[in-house]
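Have the sequence and the 3D view ready, and look up each part as it comes along.

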Amino acid sequence: MIMERELLQVQNLSKSYGEVAALNDVSFSMERGEILGLFGRNGSGKSSLLNMIALALKPDRGSIVFDGIDAKADPAPVRRKIGYVPQDIALFEELTVRENLLCWSTLRGKSAKSRVSELSGRLDLDEILSKKVSALSGGMKRRVNFAVALLGEPRLLVLDEPFAGLDIDNTEIIETIMKDLSEHGAAQIVSGHSPEHLIPLVHRVMALAGGEIAYLDTRDNYLREAGSRGVKQYISDIIGGKR
């Protein structure tokens, strides 16, 4: 049996806050194992889009179909297959790293402890499991935040600026996990402000401007089009309407 490659279909997503339109008829799809890089200026609709895909925010119009399931009609099974890394750290500061991971896990008993142990090894968290989150550096908190998103073995990972403020060691660990997840069929949509860093990691590039898709193409096509302008300047030109 041949596995269907398409995992996510986003159709005509729109969202407004009062009279301000954050997103306007955004449509795209993602394949299994694909990493999609998302760019845009503040206020372009990036976080609203990611929040809706993670089912943390309801759209005004449009639909999200995940693995053949309409997320609006049947959100529970979709939510179980999505891991979400928000821009802000979502951890309990006065609990230890181990307690946070066990608290956020949907597993129980030995299964939860086994999963926490596995992720601790993969993300090099063993030495800080007994430390309170409040005692950790910002980079370590982000690494734990990333581990929380992986607890349910997601088929889609939604990452809102996961590399913000990270040092080289933390960045390399997260990049390695992302590549491994991709190779095992998990799709990922990741936003960021550093095209030079993010674009080598992704398969396709998407840019939002004014709540609409200003660009969507493969990484190779993006690099070819950027040419001598460079990856940072070209994305700036796109979202500034100068392409």
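Predicted model: local features only at pLDDT ≥ 70, side-chain atom pairs only at ≥ 80, totals over all residues.

Residues are numbered from 1 along each chain as its sequence is written, and side-chain values use heavy atoms, with hydrogens and water left out.

**The sheet**

A word on names before we start: helices (H or I, at least four residues) and strands (E, at least two) are DSSP runs, numbered from the N terminus. In general, strands of a sheet pair through backbone hydrogen bonds, either parallel or antiparallel. Here, four strands make an open sheet with antiparallel pairing, in the order β2-β1-β4-β5. At its edges stand β2 (20-31) and β5 (69-70), each with a single partner strand, so one side of each has no neighbour in the sheet. Two strands count as paired if DSSP finds at least two bridges between them. Strand β1 (residues 6-17) and β2 have eight such bridges, in the antiparallel sense. To see one of them, find Leu8: its bridge partner in β2 is Met30. Then look for helix α1 (residues 46-53), which lies across β1, β2 and β4 (61-66) and runs at about 55° to β2. Angles like this one run from 0 to 180 degrees between N-to-C directions, and axes are lines fitted to C-alpha atoms, for helices over the stretch in contact.

Next, find helix α8 (residues 219-226) and helix α9 (residues 231-239), whose axes are 9 Å apart at an angle of about 95°. The two helices are therefore roughly perpendicular (the label covers 65 to 115 degrees; under 35 is roughly parallel, over 145 roughly antiparallel and the rest oblique). From α8, the contact (heavy atoms within 4.5 Å) takes in Tyr222, Leu223, Glu225 and Ala226, while α9 brings Val231, Tyr234, Ile235 and Ile238.

**A cluster of rings**

Which residues form one aromatic cluster? They are Tyr215, Tyr222 and Tyr234. Rings of Phe, Tyr and Trp (its six-membered ring) pair if their centres lie within 6.5 Å; planes under 30 degrees apart count as stacked, over 60 as edge-to-face and the rest as tilted.

| Pair | Centre distance | Plane angle | Type |
|---|---|---|---|
| Tyr215 and Tyr222 | 5.7 Å | 80° | edge-to-face |
| Tyr215 and Tyr234 | 6.3 Å | 80° | edge-to-face |

Tyr215 sits in strand β10 (residues 212-218) and Tyr234 in helix α9, so their pair ties together parts that are 19 residues apart in sequence.

Buried means under 20% relative accessible area, exposed over 50% and partly exposed in between (1.4 Å probe, protein chains only).

**Two single residues**

Asn145, in helix α5 (residues 138-150), is buried at 3% relative accessibility. Leaving aside neighbours within four places in sequence, the contacts of Asn145 are Val85, Pro86, Asp88, Ile89, Ala90 and Leu91.

Ala209, in strand β9 (residues 204-209), is partly exposed at 24% relative accessibility. With neighbours within four places left out again, Ala209 touches Ser44, Ala214 and Ile239.
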